[in-house]
Each structure stands twice: as C-alpha cells, then as structure tokens.
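Hi everyone, thanks for making time.

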Amino acid sequence: MSYTVGLLSPGDMGSAVGQRMVKNGADVVTCLSGRSERTRALAEAAGISEVATYDDLVASCDLVISIMVPSEALGAARSVAAAIEKAGKALPYTDCNAIAPGTAKLIGDAILSAGGRPIDAGIIGGPPKGESSNTRFYASGADAHLFARLSDFGLDVRVIGDEIGQASGLKMCYAASTKGTSALMLELLIAARRLGLYDSLIAEFGLSQEARLKSLAGLTGVPSKSRRWIGEMEEIAKTFEETGLTPDIFTGAAEMFRLVGGSKLADETPESRDRNRSLEDLIRNLSEL
C-alpha cells in the first residue's frame, strides 16, 4: 500500500528528508506556491512531486510534515489547518521546525481546532545524506506514533513524550549548545581581531583549548546559514523566557547572526560557498562590517 507524505518546504533540510523518504518507498508531494526557483530545483532533484494548492496537498496526503524557517511555521500551519477543516479530514500534521514550546502549542491548537492531529517534532543533525544518517527526529504529542511510522521510510524517529512542546523544547536546548556556541565564538574572535589580538588568542587556544581550536573550522560554514538562524535564536530566547530564565543571551546570539547575515558572504548558498575560505579569512571579513 502506498503512503504519501506532504512536505513543507523542500529547502536544504526538507529536500534531503524528502529524498530519503522517496528512496525508501514513500510518495512525497509539496506545494511550491511562492517558493524560489532554487527550492523548486531542490524538490525536483529529490524526486518530490508538486501539487498546486494546500487543498490538493491535504487531499492527497496521509501525513504532512513542516520543515521551514521558524518565522513561517505558524502561518503555514494555519494555512494547512484551513485546508484540513475544509476537507473534514483528521490529517496528522507534524511541525518539525526550530520553535519554542509556546509556538509549538499555538500550532498544535490551530491544527487540533481544525480537526487535524498535531504532532510536535525537533530535528537534530544535518540534512540526511547517503545510506547512513545522523539525523534524528524527536517527536511528542498524543499522536506522535503516527509520525513514527516514517521510520519505515528511512527516518530515525524517536518518541519522547505525550505533550506538544516537549520535542521542540529538546531541540531548543540542543541548538542553544551548538548554534549558540557558534555565535559566541564568532563574537569573541571578531572582538579579538578588532583588538589586534586574534593571532595571540588562536595561539593560546592551541596551547590550552586544542579541541576548541579544531572546532572553530566549522564556523566557516555559518554565513550561508546565518539569516535562517536569526529566527531560531529568537525562538530559543523565547523558550528560556518561558521557563523563567533570561532570554538575553540568545537575543544577543540573534544579533550576532544578524551581523553575519549583513555580510556578502551570507548571499552564498550551501552549494556555492567558498569551501577554501579559512577561519582567518572569515573573521577578517566579518571584523570589517
């Protein structure tokens, strides 16, 4: 029996996830209205079929998953919710976006009130590539077991609870440790460069923080992702504020990615970025902003 997954949207992560499901026997469809030519090309390369409207998407799917920038997550869910209500179909809708638990609950309420079945999920790891993958989908909600069916189509899905917001909370805490650290390291390296102390700091890292020094090479890939990460940092700040903690650390991280996003380097895509650019070249460029 065929199984059809609706995917919003087939960007860098979404297209890789969709391609993995297609290769493992699922039919994957998407609505590309308003999307860029690059997104359209990614969908085509991944074997993802196109439908014209959200109404068509809802009618044709067994389950919908949303993978997009945080700022678009609630609007997309409300659009799908309208189509679900119109169709009278109890469709499972899984939000996989990097959003705060509070935002996940707003999305869950919209889907539930329309007659759908909301599922919360968070993605940890990069886009899945090849036969093996370190991409994990943590899921929560009363209907999370429906999303777990995608384990049959190549995804690593792990159900961690019955409440909407739990999976998103895990994603927020994890991303705070990874992308948040990237923002911190970029800021201190730019500061060191502006103070004329970059070489001395790098030399000290070599003496006392060897593992840290090796990890800094990963910063060269940040500019092409920086604009997407602004909203994620803002959602992390919201998450911590919801728990009674200061949001200021991650509103600051959002500002760092906004600074990086103002660089011409941020115009590069993951496919076109200069992979020969050194850490020193990156920091010199950013310190001149």
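Let me start at one spot: D95 has D120, in β6, as its bridge partner. A word on provenance: this is a predicted model, where local features need pLDDT of at least 70, side-chain atom pairs count only at pLDDT 80 or more, and totals for chains, interfaces and linings use all residues. Residues are numbered from 1 along each chain as its sequence is written, and side-chain values use heavy atoms, with hydrogens and water left out.

Back to that bridge. β5, residues 92-95, and β6, residues 117-124, run parallel and are joined by four bridges. For us, two strands pair if DSSP finds at least two bridges between them. Helices (H or I, at least four residues) and strands (E, at least two) are DSSP runs, numbered from the N terminus.

Now zoom out to the sheet. It is open, has eight strands with mixed pairing, and reads β3-β2-β1-β4-β5-β6-β7-β8. What stands at the edges? Those are β3 (49-51) and β8 (156-161), each with a single partner strand, so one side of each has no neighbour in the sheet. From one strand to the next, the twist averages 30°.

Next, the helices on the sheet. Helix α5, residues 101-113, lies across β5 and β6, at about 145° to β6. Helix α7, residues 166-194, lies across β6, β7 (136-140) and β8, and runs at about 20° to β6. Axes here are lines fitted to C-alpha atoms, for helices over the stretch in contact, and angles run from 0 to 180 degrees between N-to-C directions. Contact means heavy atoms within 4.5 Å.

α7 also packs against helix α11, residues 248-261, at an angle of about 60°, with the axes 9 Å apart. On the α7 side the contact includes A176, A183 and L186, and on the α11 side F250, M256 and F257 are among the residues involved. By class, that contact has ten nonpolar, two polar and two charged residues. Here Ala, Val, Leu, Ile, Met, Phe, Trp, Tyr, Cys and Pro count as nonpolar, Asp, Glu, Lys and Arg as charged, and the others, Gly among them, as polar.

Finally, the whole chain. It holds twelve helices and eight strands, and its C-alpha trace spans about 65 × 45 × 30 Å along the principal axes. Of the 289 residues, 50% count as buried, meaning under 20% relative accessible area with a 1.4 Å probe, protein chains only. Among contacts with a separation of 6 or more, 69% join residues 24 or more positions apart.
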